[in-house]
Amino acid sequence: MSHALASKQRTPVRPARILLHTFLVVTALAWLAPLLWALLAAMRPYSETSTKGYVSWPDKLGFDNFTNAFQQSDMLHYFGNTLIVAVPAVLLTLLLSSMVAFYVSRFDFRLNLALLLVFTAGNLLPQQVIITPLYRLYLLVDLPGITMSGKLYDSALGLVLIHVAFQSGFCAFVLSNYMRSLPHELTEAALVDGASVWRLYWQIVLPLCKPAMAALATLLSIWIYNDFFWAIVLISTGENMPITSALNNLSGQYFTDPNLVAAGALLTAIPTLIVYFVLQRQFVSGLTLGANKG
Amino acid sequence: MSTDTSTENPETAPAPSPGAAPAKSSTGHRRLLTRRDRITLGLMAGVPTILHVALVWLTALASIALAFTTWDGIGFDSIHWVGLQNFRQLFTSNPQFWPAVEHNVIWFVVLILLPTPFGLFLAVQLDKKIRFSRVYQTAFFLPVVVSLAVTGFVWQLVYNPDTGLINSLIGANKPGHYIDWIGDPDLNLWAVLVAASWRHAGYMMILYLAGLKGVDPALREASSLDGANEWQTFKNVVFPTLRPTNTVVLVVTIIEALRAFDLVFVFNKGAQGTELLSILVTNNIIGESSRIGYGSAIAVVLLVISLAVIIPYLIATFRKERRA
C-alpha cells in the first residue's frame, strides 16, 4: 500500500523503491516479532496454550493475564518504588549537572577540560568496576532514622545517589556543550548590571537550556526506569526493588506460567513505551546530542 | 592562558592542565564577581564534583586497592595485603575467567560485525527521504527503549525449549528433540547475542541517522554528477565523512560489550557458556562466595580495558573541541 501512496505525490514508482519498501516492511515486522509474540502469549489463556501449543490459532484473546499479573504480584507497589527513585534522581541529576556545566562553560576555562574529562570518563566506566567498594561503602554508612534500613544499603536514597553521581557525567558533558553555544555577551551584560551568579544561572542560562534539558530528562527517565544492575546489587529486600529489577523475583514467584511472564514483562515496559511514543523526538535528540560531539 | 589564579576554589577542582584553552572573556566575567558569587560558584561546581568523585572515582580507586588484598568484609583490620596473589589466581586457576574474557571479546566482535553495519545500512536507507521513514525508525528503535531485563524475558519466550516460538516452529519441542537454547553451553551465548544484536542495531541506526544528517548534500550531488553509482557515492563520499560517528559507534560498542550484564543475568545468571567479566564481579558480591579482593581484581581487569578505550577517545574529543 505504501508504494501506491508514494507514487501519487512523489517521483514515479521505481522498482528500486518498491523493493526497498518491501524490504523495510518485512524487516520491521521481523524486528517487532519478539514483542508481538510476547503480546500474543500474554493475551491467551494458559489453559488454551497448554493444550493447543503456543503456535496455534487463538480461540480466545483477552487481558486476563495482565490483570492477574498486575494484582497478584502487587505491581503497583513496585511502580511506586521506581517513582520514589526515578523522580528525585532525574531532577537532582539535571540540577547538579547543569550547575557544573554552567561553571565550566561560563567561568573557568582552565579547569573546564579537566573537570569535564573526570565527569565524562566516569560515566563511561562499566558499573561493575565500582560496585564492590560501593556495596561495602553502602553497608558501612549508617543512617539511623533517615532510611528504612538504617543504612545506604537497601534504601531508595542509596539508589538515587548512585544514579545522580553516575548520570551527571553524561549530562554535564551535553549541557556544557550546549551552554557554550549561548552568546557570552548575554551573561557578561547581566554581570555588569550587578546580577548575582545564581540569578545568572537560574534566570538567564537555565531557561535558554530548556530544549537540552527536556531531551536529557526524557533520556534519564527511561534509563533510570530501565536500570536493573544497581538495584539488583544495592537492594536486598525484594519488597524495596524498583519494578525493572523486581521483575526478576516476581517471575517464578507470581508469574508462574509463560503467559503471565509475558504479561508482567509487557506491563513493565508500558511506561517506557508511553514516554517514548509521546517524547520520541526528545529521546532521540538527547541520545544524539552527546554522541554527535565525538 | 588565564592570568588570575586567586579566584578559584581549589579544594574541589582537579589539577589544572597546563596550556589549556585560552581564557577568552572569562577573565572579564571573573573580575566582576563578588565574594558571595565566588562562594556560590564554588558550591555549584563543588557539590556535584564531590558526589561524582566520591561515588565513582574513589570507589574505582578502592577497587584497585582492594584487588591487592583479601578481606572478609568484617572490620577493617581483617584487610590483608596479598600483593599479586588475587591476579595470579585469577589468571592461572579460575576456570571461569578466561571463558569470560573470551565471551566479552566475542560479544564485541559480533556487535561490531553484524548489528552495527546493519544499523548503518538501515540508516542509509531511511535517510533517502522515503515515506513512512518515521514508522520504520520507530519499529527498529523500539528494542532500545525497552529495558534489557524485559528484553531478556521476551526472548525467553522465543527460546523456551517447550513453549518457545523457535522450537514450536521447527518441531523441536517434543521430548527427545529438544534444542535447549538457554541451557546448552554451546548455544546459549549465541542465543543471547541474537537478543543483544536485536537491540544494538536500532541504537546504531539512530546514531548513524544523526551522522548522516550532517553530510553535506552538495557532496552527494557532485558525486552522482560525476557518474558515481549509489554504492560508489556511499563508499567514497558519505562513509569517509561519517568518521566522527564511526568513532562514537566504536566506543559505544566496546563499552556495551564490557557492560553486558542484564540480558545474561536474566537468561541464566551467567551459568556455563555465558560467563562474562561483569557477571563474575557481581557473583563475588551477591553470589554464595563473597570474596571482596578477588572480585575487585576482576573489576580492575575491566577498568584497565575500559580506560584503554575511554582515555584516548576523550583526549581526541576534547582536543578537537578546543580547536573548534
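Predicted model: local features only at pLDDT ≥ 70, side-chain atom pairs only at ≥ 80, totals over all residues.
Local features here need pLDDT of at least 70 and side-chain atom pairs count only at pLDDT 80 or more, while totals for chains, interfaces and linings use all residues. Residues are numbered from 1 along each chain as its sequence is written, and chains are lettered from A and ligands numbered from 1 in the order in which they are written.

Let's begin with chain A. Its secondary structure comes to 15 helices and zero strands; helices (H or I, at least four residues) and strands (E, at least two) are DSSP runs, numbered from the N terminus. Its radius of gyration is 24 Å, well over the 19 Å that the globule rule gives for 294 residues, so chain A is more spread out than a compact globule. That radius is taken over C-alpha atoms, and the rule is 2.2 Å times the number of residues to the power 0.38. Buried residues make up 52% of the chain, where buried means that 20 or more other C-beta atoms, placed from the backbone, lie within 10 Å of the residue's own.

Now, the core. The largest nonpolar core has 182 residues, and A:Leu234, A:Ala265 and B:Met205 have the most contacts inside it. Such a core is a set of buried Ala, Val, Leu, Ile, Met, Phe, Trp, Tyr and Cys residues joined through C-beta atoms within 7 Å. Helix H8 (residues 156-180) of chain A gives the largest share, 16 residues.

What does A:Ala265 touch, leaving aside its neighbours within four places in sequence? Its partners are A:Ala38 and A:Leu247, plus B:Val150, B:Phe153 and B:Val154 from the other chain. Contact means C-beta atoms, placed from the backbone, within 7 Å.

On to helix H14 of chain A, residues 258-278. This helix bends by about 35 degrees at A:Ile270, and A:Pro271 follows within four residues. The bend is the angle between axes fitted to the seven residues ending there and the seven starting there. H7(A) has a kink too, about 30 degrees, centred on A:Leu134.

What about the contact between the chains?

One last stop: helix H14 of chain B, residues 277-286, has nine of its ten residues buried, so it is largely enclosed by the rest of the structure. Among them are B:Leu277, B:Asn283 and B:Asn284. Thanks, everyone!

Key
Buried ≥ 20, exposed ≤ 12 C-beta atoms within 10 Å, placed from the backbone. Contact = placed C-beta atoms within 7 Å. Expected span 1.5 Å × (residues − 1).
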